[in-house]
Amino acid sequence: LARAVPETSSADLARVVERGDELLDTAHQVVGMREQSDKEEGPEGRAWLARVAAEHARLRWLAGDGRPDLEDLVDAWRAAVGEFDALGHVYERARSQVRLGAVLRAARRTTEADPVLAAASAVARRLRAEPLLRELRTLGATSSAPADASRQGNSLTAREMEVLTLVAQGLSNREVAGQLFISAKTVSVHVSNILAKLGAAGRTEAVALARTRGLLA
């Protein structure tokens, strides 16, 4: 994991860490402003705040400047994975899983790291997320194993079935959003979840698999 830090002078590295500290402070200021309002922090805000904290800890660990304990780093990335899972954001959950897997490997906890990285690899392949696949390749974590075991085979929620039914009618995300009175971004998250659960590479395949399995008439 330490090899991920490019060859950088001590002065430049110190500036990078200082910039990371500033960005973390900015994130906390934004949260502080939200806390002063009448609105509570939603699941998306909590997820990204957890991600910021984990990335900041990772930066300091890699830089060796005020390095956090590896267990603290594992906890930070587990929190990020959990928040994005609660949000239902498949891609960001997978990206956080890659970072968690890397930290677990650095801590020599390979039996915990391998299933985490395998799940992220399955999602990255399904979504054809090349940047994520490249990161997995640097860890030697891409494989041809099918299925994200944590998702594939899970039953679709009632909302996901509504989305899938409209997708099967050929509606775009924006059109589905209009029908269900939700945002197009929320529809995109539901579609990603549907693909992951059905083990499909795209919308057309998802509809075909759903029909084969009797989920759609």
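A crossing is left-handed if the near helix is turned anticlockwise from the far one by less than a right angle, and right-handed if clockwise. Helix 3 passes helix 4 in a left-handed crossing. This is a predicted model, where local features need pLDDT of at least 70, side-chain atom pairs count only at pLDDT 80 or more, and totals for chains, interfaces and linings use all residues. Residues are numbered from 1 along each chain as its sequence is written, and side-chain values use heavy atoms, without hydrogens and water.

**Helix 3 against helix 4**
- Helix 4 covers residues 90-106; helices are DSSP runs (H or I, at least four residues), numbered from the N terminus.
- The two axes, lines fitted to C-alpha atoms over the stretch in contact, lie 9 Å apart at about 160°, with angles run from 0 to 180 degrees between N-to-C directions.
- That makes helix 3 roughly antiparallel to helix 4 (over 145 degrees).
- Contact means heavy atoms within 4.5 Å; among the residues that meet are Trp77, Val81 and Phe84 in helix 3, and Leu100, Val103 and Leu104 in helix 4.
- By class, this contact has 11 nonpolar, two polar and five charged residues.

**The aromatic pair**
- The count is one aromatic pair (ring centres within 6.5 Å, six-membered ring for Trp).
- Trp48 and Phe84 have ring centres 5.0 Å apart and planes at 85°, so the pair is edge-to-face (over 60 degrees).
- Trp48 lies in helix 2 (residues 43-63) and Phe84 in helix 3 (residues 70-87), so the pair ties together parts 36 residues apart in sequence.

**Accessibility**

Conventions:
Phe/Tyr/Trp six-rings, centres within 6.5 Å; stacked < 30°, edge-to-face > 60°. Helix = DSSP H or I, 4+ residues; strand = E, 2+ residues; numbered from the N terminus. Parallel < 35°, antiparallel > 145°, perpendicular 65-115°, else oblique. Nonpolar A, V, L, I, M, F, W, Y, C, P; charged D, E, K, R; others polar.
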